[in-house]
Amino acid sequence: MATRLKDNISSSYLEAANKLKSRKARRRIAAYVESYDDVFFWRTVLSSFENKDRYFEVMLPSHKRLERGKKSVLMNLMAKKIGRDLICCVDADYDYLLQGVTETSRKMMQSPYVFHTYAYSIENLQCYAPSLHNVCVAVTLNDSYVLDFNEFMRMFSETIFPLFVWSIWHYRKGIYTEFSISDFNKTIELGSFTLQNPYHSIQRLKHKCYVKVGELQRKHPDAKESYLALKKELQEQLGVTPQTTYLYIQGHNLFDKLVMQVLGKVCKQLVAERENEIRKQSVHGTQMRNELSCYSHSTQDLAQMLKKNMGYMMSEEFQKIRRDIQAFLDRDKTAGAPASVQEPTQKASNLKENLERSS
């Protein structure tokens, strides 16, 4: 039983509170998120929609009622509370690609007041390939070119794409225990990586994925038609291309096991280059030590800079989130619907069509 006022907050409550304010006061729209790390990301999404009439407050639900990071728990908690003045913002995980096959996916896809990242998680967007060079420059203060991140992530994505389709196929069929996300992550581990031969690791990965795909094809000989249909749907309807698959795999695994490993090697080389440059240009030992100390204090922590990376704002996935928010605000402006009424949306219509095709 709720014992605090905060535990009883709903869209209706916030709407009533907004009406009690003066006519010139801005309307407050609360946005509940899963964890601390999500607060800044959703602030970057929502802040550009604030104006003289409204503002957003990104917040976490009561910790006594919710374990952080549990999207299904958050959505169950918010189910009867969300509306035009209280929205829910979550990581998409696999639920966007499952298109309503599971209960959590249906809740996320059907509600016009639940917004998601399209990419698997915020961590995937922080690893947006065109922005990774800028992250390295921010960390090392060295703009030298070491690795083509766009090309590397493209090759990585194209290599894992056929196996990724198999992963979604198993989850769509409800037999994910036969090939779980953990199994998929284990297969696509990059292994050792060197800047001297950065694409050698991709070649090894290609062989591992080829072997696993062959194994799954033999295990499911009748799956060719449904596999190809899913592959086409992912590319043509859901925006998952062979070149951008990395945005839709498990974010924690991508961040820690791939991007941090690769960027760590790049940043280490860039720092060494800068330090060698200082040693060569220094007139005497005292100047060299002072310059090296100054440079060392100016460099940044890689993990923290990657978490603060906002280069994802250029991505198509981020633009999709913005379009969803804009559509929500447009509907609210024109319809003036009651706080907790869940009016039908294009998102819900698309979900219904996909469920009918799946059945």
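This is a predicted model: local features need pLDDT of at least 70, side-chain atom pairs count only at pLDDT 80 or more; totals for chains, interfaces and linings use all residues.

Guide: K212 has its place in helix α10, which covers residues 200-219, and, leaving aside neighbours within four places in sequence, K212 is in contact with L163, F179 and T187.

Visitor: What makes L163 buried or exposed?

Guide: The relative accessible area of L163 is 0%, and the limit for calling a residue buried is under 20%, so L163 is called buried. L163 lies in helix α8, and among the residues that L163 touches, when those up to four places away in sequence are not counted, are F179, F184, T187, I188 and K212. L163 and V211 are 48 residues apart in sequence, while in space 10.0 Å separates them, C-alpha to C-alpha.

Visitor: Why does F40 count as partly exposed?

Guide: F40, which is found in helix α2, has a relative accessibility of 42%. Buried would need a value under 20% and exposed a value over 50%, and because 42% falls in between, F40 counts as partly exposed. F40 and K308 are 268 residues apart in sequence and 8.7 Å apart in space, C-alpha to C-alpha.

Visitor: Why is α8 called roughly perpendicular to α11?

Guide: Helix α8 (residues 149-173) and helix α11 (residues 224-236) pack at an angle of about 105 degrees, and their axes are 10 Å apart. Angles of 65 to 115 degrees count as roughly perpendicular, so that is the term for α8 and α11.

Visitor: Which residues of α8 and α11 meet?

Guide: On the α8 side they include F161, P162, V165 and W166, and on the α11 side they include S226, Y227, L230 and K231. By class, the residues of this contact of α8 with α11 divide into 9 nonpolar, 2 polar and 4 charged.

Visitor: How do α8 and α12 cross?

Guide: The axes of α8 and helix α12 (residues 251-281) cross at roughly 145 degrees and come within 13 Å, and the crossing of α8 and α12 is right-handed. The contact is made by F149, F152, M153 and F156 of α8, together with L254, L258, V259, V262, L263 and V266 of α12.

Visitor: What classes of residue make up the contact of α8 with α12?

Guide: The contact of α8 with α12 has 10 nonpolar residues, with no polar and no charged residues. Val, Leu, Met and Phe are among the kinds that count as nonpolar.

Visitor: What makes β2 and β4 edge strands?

Guide: The 4 strands form an open sheet in the order β2-β1-β3-β4, with parallel pairing. Strands β2 (54-59) and β4 (114-116) each pair on one side only, and they are the edge strands. From one strand to the next the twist averages 30 degrees.

Visitor: How do you know that β3 pairs with β4?

Guide: Pairing asks for at least two bridges between two strands, and 3 bridges join strand β3 (residues 86-90) to β4, so these two strands, which run parallel, count as paired. In β4, V114 is the bridge partner of C88. Helix α2 (residues 36-46) packs on the sheet, where it touches β1 (27-32), β2, β3 and β4, and its direction makes about 165 degrees with that of β2.

Notes
Residues are numbered from 1 along each chain as its sequence is written. Side-chain values use heavy atoms; hydrogens and water are left out. Axes are lines fitted to C-alpha atoms, for helices over the stretch in contact, and angles run from 0 to 180 degrees between N-to-C directions. Angles under 35 degrees count as roughly parallel, over 145 as roughly antiparallel, 65 to 115 as roughly perpendicular and the rest as oblique. Contact means heavy atoms within 4.5 Å. A crossing is left-handed if the near helix is turned anticlockwise from the far one by less than a right angle, and right-handed if clockwise. Buried means under 20% relative accessible area, exposed over 50%, partly exposed in between (1.4 Å probe, protein chains only).
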